[in-house]
Amino acid sequence: MIDKYFIRPIFWDYLLSVIGIATAFLLKDKGVITLPKEEYVYSIISDLSTVSLTMVGFILTLVTVLVSFKSSSKIESENSKEKDSVFDIFFASRLYFDTIRHLKNGIKSLTLVALTGYTLKLTVDHLKYEILFLFCFGAIVVIIMTIGRSLLILSQIIKIQQS
């Protein structure tokens, strides 16, 4: 299941986000949840955008560290031997490039969430702040999925280091 997710993680993140938005919309229409005060929605949008950009910084730092370690790696993919460390073999493998790709896509995704949040906050008429309210549900899903994916990747890298 997780292998299928990692084939197209951004697609799955945004699909779950749309499902979250649709669920929130249906629950709002049925009266299960109500729109909070307008100022709360604007505050939540700001918070989600800030959290998103903060996480971009953390993931960017992780990518920078990985790229720095890669530049000091001693082996090439075709020259890996049993005596080389597992971490050096990781840097020489295709897995390293897949890891960097997933982290870069996470950065792009979280940046999109933040910029969309700020743009909606600036452009949506205050009478239609329901759009902002629904965006919050989608943004939360994307942020959680992206952070979860990044933590999963990081935990796998730590497991490699422990070997």
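## Residue K28

K28 is located in helix α2 (residues 9–29); helices here are DSSP runs (H or I, at least four residues), numbered from the N terminus. The model is predicted, with local features requiring pLDDT of at least 70 and side-chain atom pairs counted only at pLDDT 80 or more, while totals for chains, interfaces and linings use all residues. Residues are numbered from 1 along each chain as its sequence is written, and side-chain values use heavy atoms, with hydrogens and water left out.

With a relative accessible area of 18%, K28 is buried (buried means under 20% relative accessible area, exposed over 50%, and partly exposed in between, with a 1.4 Å probe and protein chains only). The C-alpha atoms of K28 and E130 are separated by 9.8 Å, although the two residues lie 102 residues apart along the chain.

## Residue S85

S85 is found in the loop between α3 and α4 (86–92). Its relative accessibility is 35%, so S85 counts as partly exposed. Between the C-alpha atoms of S85 and I160 the separation is 9.5 Å, and these residues are 75 apart along the chain.

## Packing of helix α3

Helix α3 (residues 38–71) packs with helix α5 (residues 94–123) at an angle of about 160°, their axes 8 Å apart. Axes are lines fitted to C-alpha atoms, for helices over the stretch in contact, and angles run from 0 to 180 degrees between N-to-C directions. The two helices α3 and α5 are therefore roughly antiparallel (angles over 145 degrees; those under 35 count as roughly parallel, 65 to 115 as roughly perpendicular and the rest as oblique). By class, the contact of α3 with α5 has 20 nonpolar, seven polar and two charged residues. In this classification, Ala, Val, Leu, Ile, Met, Phe, Trp, Tyr, Cys and Pro are nonpolar, Asp, Glu, Lys and Arg are charged, and the others, Gly among them, are polar.

The axes of α3 and α6 come within 10 Å and cross at roughly 20°. Helices α3 and α6 are therefore roughly parallel to each other.

## The largest pocket

The largest pocket holds about 290 Å³ of space. A pocket is an open set of points on a 1 Å grid over the protein atoms alone, where a 1.4 Å probe fits, with protein on both sides within 12 Å along at least five of seven lines; lining residues have an atom within 4 Å of a point. Of the 14 lining residues, F6, L95, T99, I153 and Q156 are the closest to the centre of the largest pocket. Two or more lining residues come from each of α1 (2–7), α5 and α6 (130–162). By class, the lining has eight nonpolar, three polar and three charged residues.

Methods:
Grid points are joined across faces, edges and corners, and a volume is the space filled by probe spheres set on the points.
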